[in-house]
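Colleague: I'm new to this one, so please walk me through it, starting with a single residue.

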Amino acid sequence: PLPQEADSFKARLLRGLTTILSSNLLITIFTYNALYASTTTLLSFHRAELVGKRNLSVEANTSFLATINMISSFAVLCMQVSGGGAKISTTLGVRGTLALMPLVRLVCVIALFVWKIWLKKPVGLWIFIVLDESTRIINLSVAKPVRESLWRGLSNEARYEAKPLVDTVANRWGGGSAAFL
């Protein structure tokens, strides 16, 4: 191919897909990101439903969610600045830290299920927010830095070709597929 064709969008996309499909690590990272994006999207729909039941104005609900987001972001910052996230990931190791997010998400979903089905109580907004935001804080301060470190073991070519696809396609596909449910 001509040098211009080798650097076209289509050629880079095909090289990226080939790189991902030829590596178990990249397939695992792609799947992990897609599943995380799917569950996050599903939970965000439930959050929106619970916030909508507050019977307040759109502005009040938006302000409420912005405040929750700011508090969570501050908690992530505190975890990172204090070294808490690094201490957790050092203690658990790479595999333990990577397993942490699915386990935390699973425990939160089971807690919501038990609350609603077993205790026969409606899941309140605050219970949902505490569980969902704790998952977000752990993801951003502990699990995501470890996931990003997995790219260090790959060649520069693999990172250049595969990372944009994994970051974009896995997250968009995961979130988009969950939106159809």
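Colleague: What is the relative accessible area of D167?
Modeller: D167 has a relative accessible area of 25%, so it counts as partly exposed, a class lying between buried (under 20%) and exposed (over 50%), with a 1.4 Å probe and protein chains only. This is a predicted model, where local features need pLDDT of at least 70 and side-chain atom pairs pLDDT 80 or more, while totals for chains, interfaces and linings use all residues. Residues are numbered from 1 along each chain as its sequence is written, and side-chain values use heavy atoms, leaving out hydrogens and water.

Colleague: Which side chain does D167 meet in a salt bridge?
Modeller: The side chain of D167 meets that of K163, at 2.6 Å from N to O; a salt bridge here is a side-chain nitrogen of Lys or Arg within 4 Å of a carboxyl oxygen of Asp or Glu. Both residues lie in helix α7, four residues apart, about one turn of the helix, with helices taken as DSSP runs (H or I, at least four residues; strands are E, at least two) numbered from the N terminus.

Colleague: And what else does K163 pair with?
Modeller: K163 also forms a salt bridge with E148, at 2.9 Å from N to O. Because E148 lies in helix α6 and K163 in helix α7, this pair ties together parts that are 15 residues apart in sequence.

Colleague: Changing topic, where does α7 bend?
Modeller: The bend, about 40 degrees, is at A162, with a proline, P164, following within four residues; the angle is between axes fitted to the seven residues ending there and the seven starting there.
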